[in-house]
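Okay, thanks for coming, everyone. I've got one chain to walk you through today, so let me put it up on the screen.

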Amino acid sequence: MIQQHAEYDVLVVGGSGVDTIVRVDSLPVPLADSVHVGPIEEWPGHTGGNVALGARALGLKVALLDCIGDDWTGAQVRERLAKGDVEFAPLISPAGTRRAVNLVDASGRRMSFYDARDSADLRMPRDFYLPRLRRTRHIHLSIMNFARFLYDDIEHLGVPVSTDLHDWDGLADHHREFALRSDLVFLSAAGAGEGITALMREILHEGRAETVVATAGADGSYLLTRDGGSTPHHIPAAVPPAPAVDSNGAGDAFVCGFLYGRLTGRDVLECARLGAVAGAFACTAPGSTALIAPEALLTADQIRSSGTHDPA
């Protein structure tokens, strides 16, 4: 049973690292020996770090467990999480801290080159993570290979778990266990293309998920529930409150807004609207640094919902 007075609202497992942001005029970049760009920046984050920071900015009690390196990039991760008031419990990985190089064009679109450096045999000791699993209301697993080995204990404890499959096409085996063993599944519609609705139905039919959400950038998002029929609800995208400069972390912000709604007792459609507002806000600053506060999130959603209606 879930404890009524848990220490954490959200426990995030895996997915921290450092992004190198390279701003380019357009994507794809021209084939050339060298391309002149603006200042290249380093931003600690990655999906797990972004979810932890975003959820904490929304006032939720958050902890992050991960494996990082004893290196300067790991120090950047530690520093940013400390500034964001996120409780961070890292284990030292001999492979070092994960990195990514993100090309970002003038409209804020990105192309990411992700450094998946963890070894296949990397594991978290059970006596390290289990006490924290027992003290949280919700668990969010990043799709790190070592995180899949927590599912048995999570299911035994009965704690709800979510995951983000990112651009899964429905075929890659790495994502499948996360897709089928999570209660709440997020993914990008871009990975499966026209097959996204069929993939959402498959996740619900084959797995334990109650809700699947596919984000689609400017096209909004699509939500399918186990008891809500076979046609996904469409949730329009929110309008950013300022010009979009970087879509890096927008999907992670959507997850944060959705989880905030879920943990404060809102229905799934309202959760998705909150996710849309948080995702749009995240695009207004570089390097996943635009973290929306709960007052701004709720105010923007009230204004938005008073003038728009879900067409489904």
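Predicted model: local features only at pLDDT ≥ 70, side-chain atom pairs only at ≥ 80, totals over all residues.

Residues are numbered from 1 along each chain as its sequence is written, and side-chain values use heavy atoms, with hydrogens and water left out.

So, the overall picture. The chain has 10 helices and 13 strands; those are DSSP runs, H or I over at least four residues for helices, E over at least two for strands, numbered from the N terminus. The radius of gyration is 18 Å, close to the 20 Å from the globule rule for 312 residues, so the chain is as compact as a globular protein of that length. That radius is taken over C-alpha atoms, and the rule is 2.2 Å times the number of residues to the power 0.38. Along its principal axes the C-alpha trace spans about 55 × 50 × 40 Å. Of the 312 residues, 51% are buried, where buried is under 20% relative accessible area, exposed is over 50%, and partly exposed is in between, with a 1.4 Å probe and protein chains only. Contacts are heavy atoms within 4.5 Å, and of those with a separation of 6 or more, 64% come from residues 24 or more positions apart.

Now the sheet. Four strands make an open sheet in the order β3-β2-β6-β7, with mixed pairing; to pair, two strands need at least two DSSP bridges between them. The edges are β3 (41-45) and β7 (110-115), each with a single partner strand, so one side of each has no neighbour in the sheet. On average, neighbouring strands here are turned by 25° against each other, direction ignored. Strands β2 (residues 17-23) and β3 run antiparallel, joined by five bridges, and glycine 17 sits opposite glycine 45 in β3.

What packs on that sheet? Helix α1 (residues 46-57) does, touching β2, β3, β6 (99-104) and β7, at about 70° to β3. Helix α2 (residues 72-83) lies across β2, β3 and β6, at about 60° to β3. For the angles, axes are lines fitted to C-alpha atoms, for helices over the stretch in contact, and values run from 0 to 180 degrees between N-to-C directions.

Next, helix α8, residues 250-263. Its 14 residues reach 20 Å from first C-alpha to last, close to the 20 Å expected at 1.5 Å a residue, meaning 1.5 Å times one less than the number of residues. And 12 of the 14 are buried, so α8 is largely enclosed by the rest of the structure. Among the buried ones are Phe254, Phe258 and Tyr260. Just after α8, glycine 265 takes a positive phi of about 85°.

Last stop: alanine 89, in strand β5 (residues 87-92). It's buried, with a relative accessible area of 11%. Leaving aside neighbours within four places in sequence, alanine 89 contacts Leu64, Leu65, Asp66, Phe128 and Arg132.
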